[in-house]
Every structure is written in C-alpha cells, then in structure tokens.
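Here are some notes for a reader opening this entry for the first time. Please keep the sequence and the structure at hand while going through them.

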Amino acid sequence: MASAIPIMAPPGTAAEGSPSTPAAATSTNAWTAKATAAAAASPAASKASQPAKPVSLTNSNKNRTCRNIVIHGFCKYEGKGCEFNHDVNKPAAVASPEISKAKLHVNSPIFKPANISSGSVKAESINAPEFVPKSSQGIVDQQGVQSFAPPMQNSLAGSMSGLPTAPYAQFSDMSLQGSMSTPYFDGSASGYYYQGSGAMMHQPLQYHLYNTPLPHVSNLLPHQRTIHGFFIADSLREELHRKNEVILQTVNAQEYGLPEELHEYHSLYPLDQTQEKSTEVFGYQSSVYKCMCSVDGRTYALRRIEGFRLTNELAMQMIESWRRIRHANIVSIREAFTSKAFGDHSLIFVYDYHPCSKTLYDVHFGPQAQLASQVLVGAPKTTEPVIHERILWSYLIQLTSALKKIHSAGLAARLIDPTKILVTGKNRIRMNCCGIMDMLTFDAAPNLAHLQQDDILNLGQLLMTLACKSLTATHNITKSIDYISRHYSSDLKNMILFLMSQPVPMKTVDQIITMLGPRVLQEINDVQDANDVLESDLSRELENGRLVRLMMKFGFINERPEFDMDPAWSETGDRYIIKLFRDYVFHQVDEAGLPVLDVAHVLTCLNKLDAGVEEKIVLMSRDELSCLIVSYREIKACIESAFRDLSKSK
C-alpha cells in the first residue's frame, strides 16, 4: 500500500537511480561561488562566524532510530549513506553532554525523580495476589461478582415496617423470591422492573396519566368545556381499571401448590392478605381464592374450609335455600361441594366475586385505619369521631335490610363479624360467608327463633365495636355506652341499647326498621344522589360510543385497497369526499406546517357529523388544486352510502 509520507534521503546523498547531471553540478557550483564571493566581500562577518560552528550531530544520529524504519519498517538508504540507527533492538545510548545542555531537545534525557513517595504503586504490585475481604457481608450474584451491600439504617427500616401493603401485593411476584435476592430487592417488588428474571412480567397501569384539570383552566365560561368534560370522572375510571386489573391477575398453580382445576373452576388466585389462618370464626382453618368458571367464563370467589369431613348429606340442602336469596347487601352463594384436590378433605363454597373489596376489619381496624388514627394524635378533644355517625347509620340500615331478607326466608345469618362483612364501594357493605355455619354445625331441627335473636344481638355488638373503635368494646358495656353518649347522638345510643338488651319479649327486625324510619329516608336520598352521578358519567361515555362507531366506519372505508373489483374504489365518488373530510379532521397543519393536535376540533367535527347539521365546510385536496363545499349532512349521507355498499357484500 502506498504511503503518503515519502522516504527521505539523508543529507549529502543523492537519490538512488538519479545520477548527478551537468545542470545540477552547475547549479551547485554557482551556489558555492556566490557563497565564496559573499565571504570575501565581508571578512569581518566571516571572522565573527567562525566561533559559532554548529555542533556535529554525527554521533547523535547513530543513536537515533531511523524514521523510515518506524514508519515504513525498512529504509532503502541503509548502508548507502543513511547516518541513523537501523537496528531496532539496539538500545539508545544516553545523549552527549553537549546535547543535554540544551533546554529543549528531542534527545533530552527522561526526567527521573530523586525519591519515590511511599504511596506510589511499584512495578512488583502488578503480580500481587487478588484481594479477598475478611468479612462476607456482600452478596454474590449469579455471575459470581461481589456486589456492594451498604448497612441498612435502623431509622429507615423502622419507618417502612409499618407501611400498609396492597391486598394482593404478597401474591403478585412471589416467584421472584430467592431467584433475585439483593440488598435492594427482597422479592416483594414488581417483576416489571427486572426484565431478565424469566418470570411473567406484569406491567402496572399508568394511573398517573389520568390527571385532573389544572387550576387556571378550571374556571371556564358556561359555553366552555375542558377535555375532562367529555369523559367519566378520573376517580371512577381509575377505580374501574383497578377492578379489571385485579380480575385478570393469575399465578402459577404449581408454585403455590394449587390445583390446576377444581370441579368446573380453574385459574385459582389466593386472596388472603395474611398467611396466618385463624380458626376463631369457623373453628377450622379457611382460605379464599379467586377463580374462573369454565361454564360461563365468569369470576367467582372460593371459600375453602380445610380439614372438614362432611358426615351428613342433608347439610347440602341448606345451600339450596341460600341460593334463592338475592339481595343488594348479601354476597350471593352459588354452590358448595367437597374436594380432595388440595390433598385433604376440604369443603368448598362458591360466592360472587367483588374485586378490590375489603372487610370492615381492614377498613376500620387494619393498618391503614391505624395510620389514619395516628394523624389525629394531638388534635383537640372536640375533634369528631373517626367513624362518622352518618356512616354508622348507613351500615345499620344496610345490615338491617339484609337481615330482613334472611329472616323472611326462614334462615339466620349466624355470622355478623367485622372480618366477614365486605366493603365493596363507598360505604357499601355486603354480608359474606352466608350458609357456612349452617353446614359446619348442621342440625336437622335448629331453634330458628333463638338463632335470629342472636343475629340482632350480634348486630348490636358490631355497632358498638365500630362506634368505640375497639374490638374489646363489648367487654365493658357500661364504659362503652358512656363513650358513645359523649361522642354520638342519643338516637344511636338508644338503638345500641335496644339491640343488646334481653329479648323479652322477642325482638324482631321490623321493630328495628320502625326505629330507623327517619334515617332510612336520608339513606334513600343519598343512594339516589349517587345514582344520578353515575348516570351523568354514563351519559358522557354514551356520546363517546357514538364517536367510536363513526371512527370504525372511517376505518372500514378510507384507504381500502380494493372493493368490487375496483382498486380505486376508496378514491372515487362519495368515498373521495370522505377521505377529504378525514384530512380536514385529523390532518390539519398550522401556518408553520406543524400538525394540529386539537382534540376539541376533532370532537366538535365528529359530533356535528353524527348529528348531520346543515353547516358547510370547505374541503381541499392534498395537492391544493380542487376545493369542495359540502355540509355535514351530505358527508354523513356519503358515509352511510359507502358503509351500506360494504355491508351488501356479505
């Protein structure tokens, strides 16, 4: 390969293959003659220049490596007059003293300090053995690289230990535990942030994108609307998204020791918030699972009673009576059966599933409720109770309505406990686990009147527990009544005293309803107000559904490659007007040529198109050579005609 750097000839030598010519000799002699004449003309200058003879660099050149060897790897003048060193392995000698006296020179010796500090690294340290720490506090990952493990601050660990967790957080990514254990990851974080773990990735919904209107655009004129005015409320949308997300959650059945199929149900998902299984309520350990039914494709909740052996088949008949009960404040039961799919004798109850629901115990006595009560620490004594009296009346009215339905069917609830009453909405409660006690303690001839009186007594105890915000409020009734009389109205106190009094004569649910008369009217008013809000949100989405239908028709018609053996069908006739209208709505640009992303313009045009108004607009072709003046009504007729043509092809 040719090099851009020429090979230099040493001074005083002629190039190889270029003999001296008479012209060259003449030129050299002429230059010599001029120099001699100049020296003779100025003898003083010649004498002055004699002491300043240049230092001979012949010895120095022999110690310097030839540049041709460094650049090209060879020198064709070697042995032909080149004074430089051509032996690469020969060490360079120290420069002569005359050269070393110069301040700056290419052959100046390398500076070497007199002493070396103790902190410098010696050459022998390159072969030093690998450093191995004495303590093994670090954690070695799968590749064997030791990671840095800083000590955990006690204050941070203590402050985070009491934070509440999501109801299903402990079951979302338990498969990551053990496989990815680092000082900053204990297996409880979402696997979405650890894409290389091999587990099923679960992307969280982007709830933060549903923001509320900004303050400076909220105060609008009556004829103005924000983008949020066209859709449902952000809080309701987020709640519905959360429910859909919970319904679709799944886990690996083999990792959790769950059966793949149970009767006609599959895709079991554990719903228990804690791994501790108590026997206080049923006398047996129980667990709850979410599942899908292979018959109707719906989601149900399974309540499993562990280690129960059914001895009397007549107990199954009690479930038929509970299946006929349909009430807004009762979780409906579907069926009950026994199974050995879990490795033991289990009794399974199938109930309707309400996603994102919590128990009364979790709402008012759980970790989140305790954090909320800590906020009130240091507040003045005049602060109202944590549970508002209006909420307690709402709970009492709903539970009384449920008991009325149960007692009228000749049954008894037998289980009114904070841990078995679900809160499925804002102050919306439902009685859960109905019918379980009838099967666990089956009696062919139960004392129904006595069991119904126990329901009324348990209702009073539950109300006292919520009012005092203490699970041990029923242990000292006198002190609890005194507390209720100081913080609540006399009507609520008298209601609790009536519910917890001795049943002489026999108390009935109708008497409770009579005492709740004025409060029931207020509850009906609140329910209807909430219904109006939901209908208003539904009306917004109803209009959006009309626009979606228009968008689907646009998608069927525009840019269709071929229809009825006509490749240009979507570009001719009425379809061309539809294409221009699509550009008018979605493909507008401003004066700078930038796209216009105006949602209000899109919604306005589509609403006018759906209504078919007589307003006319100007449609321009993309080459700006033709314009059409049409009305929304005519464009709507073109869309309907084109869509009918597509429908006839079926």
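The numbered points below cover a strand and its partners, some positions listed in a record, and a pair of helices.

1. The model is predicted, and the points below should be read with that in mind.

2. Which way does strand 5 run relative to strand 6? The two are antiparallel, and 7 bridges join strand 5 (residues 286–293) to strand 6. Within this pairing, Met292 is the residue opposite Thr299 of strand 6. The hairpin formed by strand 5 and strand 6 has 5 residues between the strands, and Gly297 in this hairpin takes a positive phi near 75°.

3. Strand 6 is also joined to strand 8 (residues 346–352), by 6 bridges, and these two strands run antiparallel.

4. An unreviewed UniProt entry lists several residues under "binding site", among them Arg303, Asp352, His354 and Lys420.

5. Asp352 lies in strand 8. Is Asp352 buried or exposed? Its relative accessibility is 18%, and the cut-off for buried is under 20%, so Asp352 counts as buried. Not counting residues up to four places away in sequence, Asp352 touches Tyr300, Ala301, Val331, Ser332 and Arg334.

6. His354, also on the UniProt list, lies in the loop between strand 8 and strand 9 (358–359). His354 is buried, with a relative accessible area of 18%. Leaving aside neighbours within four places in sequence, His354 is in contact with Val331, Thr424 and Arg430.

7. Elsewhere, the axes of helix 19 (residues 517–557) and helix 21 (residues 599–611) come within 10 Å and cross at roughly 90°. The two helices are therefore roughly perpendicular to each other. From helix 19, Arg546, Leu547, Leu550, Met551 and Phe554 meet Leu603, Leu606, Asn607, Leu609 and Asp610 of helix 21. By class, this contact has 7 nonpolar, 1 polar and 2 charged residues.

Key. Residues numbered from 1 in each chain as written. Predicted model: local features only at pLDDT ≥ 70, side-chain atom pairs only at ≥ 80, totals over all residues. Heavy atoms only, no water. Pairing = 2+ DSSP bridges. Helix = DSSP H or I, 4+ residues; strand = E, 2+ residues; numbered from the N terminus. Axes fitted to C-alpha atoms, helices over the stretch in contact; angles between N-to-C directions. Parallel < 35°, antiparallel > 145°, perpendicular 65-115°, else oblique. Contact = heavy atoms within 4.5 Å. Nonpolar A, V, L, I, M, F, W, Y, C, P; charged D, E, K, R; others polar. UniProt positions renumbered as here; feature names shortened; annotations may be inferred. Buried < 20%, exposed > 50% of the residue type's maximum accessible area, 1.4 Å probe, protein only.
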